[in-house]
Every structure is written in structure tokens, then in C-alpha cells.
Amino acid sequence: MKRILFAALVLAAAGRTASAQADGKALYGENCAKCHGPKGVPPQTMQKKFERIAMFDAAFLTKHSVDSITKVITKGKNEDMVSFKDKMKPEELAAVARYVHDLAGQAK
Ligand code: HEC
């Protein structure tokens with residue numbers, strides 16, 4: 001009985017650390033920056049390759065909330081913006097969406 005309780009506590013603690021560690025910036029760097037650019041401005045090559053690629057700036061913010069960004073990352077959009085549903089956990093999808101929202105907020 002004690003052992004089961006202990007295992008449950010360890011699992012609960014592990015769950016907490018995992019969500020606290022969902023690092024939007026690192027996830028963005030690994031998964032998004034190559035197309036969208038490290039600061040949310042896609043490099044020229046990507047702008048040429050993907051005409052509709054999103055730029056994360058003030059105009060973007062007027063049309064997107066953290067929730068709508070999370071939706072795009074989860075479901076994907078058209079053929080080039082793929083879904084990340086199978087690559088990230090829900091808390092990671094939310095963390096990267098918050099990071100994109102912050103990036104857009106910092107853009108000039
Ligand atoms: C292979 C290149 C590529 C990668 C990698 C990529 N994107 Fe995109 N993304 C695109 C393109 C292209 C579009 C434009 C899609 C369209 O509107 O047709 C887009 C659009 C978006 C949009 C705006 C959608 C809208 O409704 O206007 C968001 C938000 C976004 N991407 C976030 C991300 C995030 C976050 C990641 C990483 C988890 C990511 N993208 C990874 C190419 C990419």
C-alpha cells in the first residue's frame with residue numbers, strides 16, 4: 001500500500017515538472033524557426049518558397065489569440081503549415097502558442 005502511494009506521488013510530481021518544463025522558446029526554435037524565423041520574421045528563402053507564410057508582428061496579433069494560434073499548430077493549415085499534434089503534448093502546443101504570441105507582441 002505504501003509503495004503504491006509512493007509511486008502515485010512520484011508520478012504526480014513528474015507530471016508537474018513536465019508541464020512546468022514545456023519551454024515555448026526551445027520548442028519554437030526546434031520546430032518553427034526554420035520556416036518562421038527565430039524572431040517571427042521568415043527568412044527571404046522561406047518567404048519565396050511559401051507565399052502565404054505568416055509573419056508574427058503587430059498585424060498578426062490583431063487577428064490571432066493564443067487560442068487561435070494553438071488551434072493552427074494543432075490542426076495545421078493548408079499543405080505547408082503542418083499539424084504538430086503528433087509531435088507535441090497539449091501543454092507544449094499551448095506553450096509554443098504563447099511564445100509566438102509574445103514574439104508578435106515584441107515585433108516592431
Ligand atoms: C515548413 C515550414 C513551416 C514550419 C516548420 C512551420 N510553419 Fe507555420 N506556417 C507555414 C506556412 C507556409 C504558413 C501559411 C499557411 C497558409 O496560410 O496557407 C504558416 C502559418 C502559420 C500560422 C498562421 C496561420 C493563420 O491562421 O494565419 C501560425 C500561427 C504558424 N504558422 C505557427 C507555426 C508554429 C508555432 C510552428 C512550429 C510549431 C510552425 N508554424 C511551423 C510554414 C511553416
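This report walks through the pockets, the ligand surroundings and the aromatic pairs of a predicted model.

## About the model

Residues are numbered from 1 along each chain as its sequence is written. Local features need pLDDT of at least 70 and side-chain atom pairs count only at pLDDT 80 or more, while totals for chains, interfaces and linings use all residues; side-chain values use heavy atoms, leaving out hydrogens and water.

## The largest pocket

Let us begin with the largest pocket, which has a volume of about 670 Å³. Here a pocket is an open set of points on a 1 Å grid over the protein atoms alone, where a 1.4 Å probe fits, with protein on both sides within 12 Å along at least five of seven lines; lining residues have an atom within 4 Å of a point. A volume is the space filled by probe spheres set on the points, which are joined across faces, edges and corners.

This pocket is lined by 25 residues, and the closest to its centre are His 36, Ile 53, Ala 54, Val 72 and Met 81. Helices H2 (24-31), H3 (33-36) and H6 (66-75) each give two or more residues to the lining; helices are DSSP runs (H or I, at least four residues) numbered from the N terminus. The lining divides into 15 nonpolar, four polar and six charged residues.

## Around the ligand

A polar side-chain atom of Asn 78 lies 2.5 Å from a ligand oxygen atom. For His 64, a side-chain N or O atom is 3.2 Å from an oxygen atom of the ligand, and for Lys 77 the distance from such an atom to a ligand oxygen is 3.2 Å.

## The second largest pocket

The second largest pocket has a volume of about 180 Å³. Eleven residues line it, with Lys 39, Val 41, Leu 103, Gln 106 and Ala 107 nearest its centre.

## An aromatic link

Tyr 28 and Tyr 99 form a tilted aromatic pair, 5.5 Å centre to centre with 55 degrees between the planes. Rings of Phe, Tyr and Trp (its six-membered ring) pair if their centres lie within 6.5 Å; planes under 30 degrees apart count as stacked, over 60 as edge-to-face and the rest as tilted. Tyr 28 lies in helix H2 and Tyr 99 in helix H7 (residues 90-106), so the pair ties together parts 71 residues apart in sequence.

Methods. Ala, Val, Leu, Ile, Met, Phe, Trp, Tyr, Cys and Pro count as nonpolar, Asp, Glu, Lys and Arg as charged, and the others, Gly among them, as polar. A polar contact is a pair of N or O atoms within 3.5 Å; within protein, one must be able to donate a hydrogen and the other to accept it, and residues adjacent in sequence count only if both atoms are side-chain atoms.
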